[in-house]
Amino acid sequence: MKLTQKDAFVLASVEEATGLIDITQKTRKREYVDARRIAYIIFRKMHNKKYMDIAKIFDRNHATIIYGVESAKNLLETDQEFKDLYYESLAAVTGGGGRMCEIIQQIKELKAEFLTLQKVF
């Protein structure tokens, strides 16, 4: 399937944020599955794409996309690392990348420092 410029930009932004290459490839490695889930949810929320249209981009079945979107919603509530990746990807897609990524990085550093201090006391 030929990608539109917007679709290619979303894929490239998610790949950049996650540090992966070609998230459309057929692999079950967790980091690729999570990157695809992030892309699915961005396509649904920001571009109002239908499940079938997203499925064509990734050469997958629409049921896979539905499952991916639902599991991404659950991960956003329970997995902080996934949530961070989602926000970094979203920032890259929306163009708020620079400053938003800096803030996210500062939060990660402060969180790590807090956990270290918590162990001391």
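1. Terms for exposure come first. A residue is buried under 20% relative accessible area, exposed over 50%, and partly exposed in between (1.4 Å probe, protein chains only). At 57% relative accessibility, aspartate 59 therefore counts as exposed. Aspartate 59 sits in the loop between H3 and H4. Its phi is near 55°, a positive value in a residue other than glycine.

2. Basis of the note. This is a predicted model: local features need pLDDT of at least 70, side-chain atom pairs count only at pLDDT 80 or more, and totals for chains, interfaces and linings use all residues. Residues are numbered from 1 along each chain as its sequence is written, and side-chain values use heavy atoms, with hydrogens and water left out.

3. Overall fold. The protein has 6 helices and 0 strands. Helices (H or I, at least four residues) and strands (E, at least two) are DSSP runs, numbered from the N terminus. The pattern along the sequence is α-α-α-α-α-α. The C-alpha trace spans about 55 × 25 × 25 Å along its principal axes. Of the 121 residues in the protein, 37% are buried.

4. Contact range. Contact means heavy atoms within 4.5 Å. Among the contacts in the protein with a separation of 6 or more, residues 24 or more positions apart account for 54%.

5. Aromatic pairs. The structure holds 3 aromatic pairs. Tyrosine 40 and phenylalanine 58 form an edge-to-face pair, with 5.0 Å centre to centre and 90° between the planes. This pair links distant parts of the chain: tyrosine 40 is in helix H2 (residues 30-47) and phenylalanine 58 in helix H3 (residues 51-58), 18 residues apart. Tyrosine 40 and phenylalanine 58 are buried. Phenylalanine 43 and phenylalanine 58 also form an edge-to-face pair, at 6.3 Å centre to centre with 75° between the planes. That pair too links distant parts of the chain, with phenylalanine 43 in helix H2 and phenylalanine 58 in helix H3, 15 residues apart. The criteria: rings of Phe, Tyr and Trp (its six-membered ring) pair if their centres lie within 6.5 Å; planes under 30 degrees apart count as stacked, over 60 as edge-to-face and the rest as tilted.

6. The cluster. Tyr40, Phe43 and Phe58 form one aromatic cluster. Phenylalanine 43 is buried, because its relative accessible area is 0%. Phenylalanine 58 counts as buried because its relative accessibility is 1%. Leaving aside neighbours within four places in sequence, phenylalanine 43 is in contact with Asp7, Val10, Leu11, Asn48, Lys49, Ile54, Ile57 and Phe58.

7. A charge over a ring. Arginine 44 lies over the face of tyrosine 51, at 3.9 Å from the ring centre. The test is NZ of Lys or CZ of Arg within 6 Å of the ring centre and within 35 degrees of the ring normal.

8. The core. The largest nonpolar core has 26 residues, and Val14, Ile23, Ile42, Phe43, Phe58 and Tyr86 touch the most other members. Helix H1 (5-18), H2, H3, helix H4 (62-78) and helix H5 (80-94) each supply at least two residues of this core. H2 gives the most, with 8 residues. A nonpolar core is a set of buried Ala, Val, Leu, Ile, Met, Phe, Trp, Tyr and Cys residues joined through side-chain atoms within 4.5 Å. In soluble globular proteins, nonpolar side chains tend to be buried together.

9. H2 against H4. Their axes come within 8 Å and cross at roughly 95°. That makes H2 roughly perpendicular to H4. Axes are lines fitted to C-alpha atoms, for helices over the stretch in contact, and angles run from 0 to 180 degrees between N-to-C directions. Angles under 35 degrees count as roughly parallel, over 145 as roughly antiparallel, 65 to 115 as roughly perpendicular and the rest as oblique. On the H2 side, the residues that meet H4 include Arg37, Tyr40, Ile41 and Arg44. Their H4 counterparts include Gly68, Ser71 and Ala72.

10. Serine 71 is in helix H4, and at 10% relative accessibility serine 71 counts as buried.

11. Asparagine 48 has a phi near 50°, a positive value in a residue other than glycine. Asparagine 48 lies in the loop between H2 and H3 and is exposed, with a relative accessible area of 63%.
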